[in-house]
Amino acid sequence: MRYRNRHIIYGFVFVFLSVFVIWIGYLVYIELIRPSRNSTPQIVESNAKKENEQNKIFSDKAFVFQAPYTKDKQLRLPMINLNSKDANFANQEIQTMYQTLYQEKQKMTQTGQNIISQYQYTIHEDILSLLIYIQHRNQEQVTYSYMTYHFYLSSGNTVPYQEVYQIASIYDFNIDLKVEDAIYRWIENDPNLTLEEKNQYVQKLMSTYQELVANNTLQYYFDLEKHFYIILPVEEPNQSESVYKIFAL
């Protein structure tokens with residue numbers, strides 16, 4: 001009787017161990033073996049990306065595209081494809097600029113002058129940076145004017161100046177020093193100015209820069225390589241009119 005009971009117990013133990021081993025093997029298969037049969041990772045679109053795409057006015061177009069109202073091929077101006085109050089204001093401002101440029105160009109071409117406009121933009125994570133540059137050509141010289149815009153793709157709101165220059169690894173403690181250095185690099189090669197005059201010129205432009213920052217009217221841009229630029233109105237030595245110049249920081 002004891003011998004028979006012993007075999008029954010051994011049988012239960014054997015069945016239990018067999019089931020346990022099979023269960024362990026199944027877990028190993030589920031966790032390790034089966035996933036390796038298909039090593040291609042699944043690409044899951046992030047919620048932020050979906051939200052950005054949903055914030056577009058036209059879902060089938062890029063965040064910036066050629067404005068449909070521009071009939072003159074030399075006047076290339078963008079439309080910002082973001083559904084927000086700030087972006088809508090910018091689009092209206094750009095369209096008004098186009099109308100002004102178009103009318104001005106009609107008059108200028110009769111005297112051999114011309115106006116050409118182009119634009120470029122870059123996107124870094126959630127921030128869109130847009131630069132419009134307008135070239136005014138006459139028989140004596142070529143001058144430029146600029147328009148810049150910066151938006152969060154997720155909200156369409158305007159991005160503060162401070163957050164844009166930080167993309168280029170520039171910070172509050174050294175932004176003024178970098179601006180001053182960029183201005184000095186530009187003026188230092190003028191052989192007609194003394195060192196004192198150069199320093200005075202730099203300080204004058206720094207005052208202009210600080211005023212534009214305080215008034216929230218400074219124009220700036222960052223490119224694909226995260227290089228940061230500011231645009232200042234400058235009165236070059238021995239010139240009576242101000243022109244706009246881009247300074248690379």
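Two strands are taken to pair if DSSP finds at least two bridges between them. In this predicted model, strand β4 and strand β5 (residues 142–152) are joined by eleven bridges and run antiparallel.

**The strands around β4**

Strand β4 (residues 127–137) also pairs with strand β3 (residues 114–124), again in the antiparallel sense and over eleven bridges. Within this pairing, Gln-120 stands opposite Leu-131 of β4. The two strands β3 and β4 make a hairpin with two residues between them, and Glu-125 in the turn has a positive phi of about 55°. Strand β4 is mostly covered, since nine of its eleven residues are buried.

Arg-137 belongs to β4, and its bridge partner in β5 is Val-142. Because its relative accessibility is 37%, Arg-137 counts as partly exposed. Leaving aside neighbours within four places in sequence, Arg-137 is in contact with Met-108, Gln-113, Asn-114, Ile-116 and Val-142. One of these contacts, Ile-116, lies 21 residues from Arg-137 in sequence, with 8.0 Å between their C-alpha atoms.

**Helix α6**

Helix α6 comprises 20 residues (195–214); at 1.5 Å a residue it should span 28 Å, and its end C-alpha atoms are 29 Å apart, which agrees. The buried residues of α6 are Lys-198, Tyr-201, Val-202, Leu-205, Met-206, Tyr-209 and Leu-212. Seen down the helix axis, the buried residues of α6 fall within an arc of 140°, so they line one face of the helix. The face turned away from this buried side carries the exposed residues Glu-196, Lys-204, Glu-211 and Ala-214.

Just after α6, Asn-216 takes a positive phi of about 60°.

**The nonpolar cores**

The largest nonpolar core has 28 residues, and those with the most contacts inside it are Tyr-161, Tyr-209, Phe-228, Ile-230 and Leu-232. At least two residues of this core come from each of α4, α5, α6, β6 (219–222) and β7. Helix α6 gives the most, with six residues. Not counting residues up to four places away in sequence, Tyr-161 touches Ile-175, Tyr-209, Val-213, Leu-218, Tyr-220, Phe-228 and Ile-230. Another core, of 26 residues, lies apart from the largest one; among its members are Ile-94, Met-108, Tyr-119 and Leu-128.

**Aromatic pairs**

Aromatic rings count as a pair if their centres lie within 6.5 Å, and by this rule the count comes to 13 aromatic pairs.

| Pair | Centre to centre | Angle between planes | Class |
|---|---|---|---|
| Tyr-165 and Phe-228 | 6.3 Å | 75° | edge-to-face |
| Tyr-220 and Phe-228 | 6.1 Å | 35° | tilted |

Phe-228 has a relative accessible area of 1%. Tyr-220 is likewise buried, with a relative accessible area of 6%. Together, Tyr-161, Tyr-165, Tyr-220 and Phe-228 form one aromatic cluster.

Notes: Residues are numbered from 1 along each chain as its sequence is written. This is a predicted model: local features need pLDDT of at least 70, side-chain atom pairs count only at pLDDT 80 or more; totals for chains, interfaces and linings use all residues. Side-chain values use heavy atoms; hydrogens and water are left out. Helices (H or I, at least four residues) and strands (E, at least two) are DSSP runs, numbered from the N terminus. The expected span of a helix is 1.5 Å times one less than its number of residues. Buried means under 20% relative accessible area, exposed over 50%, partly exposed in between (1.4 Å probe, protein chains only). The arc is that of the directions from the helix axis to the C-beta atoms. A nonpolar core is a set of buried Ala, Val, Leu, Ile, Met, Phe, Trp, Tyr and Cys residues joined through side-chain atoms within 4.5 Å. Contact means heavy atoms within 4.5 Å. Rings of Phe, Tyr and Trp (its six-membered ring) pair if their centres lie within 6.5 Å; planes under 30 degrees apart count as stacked, over 60 as edge-to-face and the rest as tilted.
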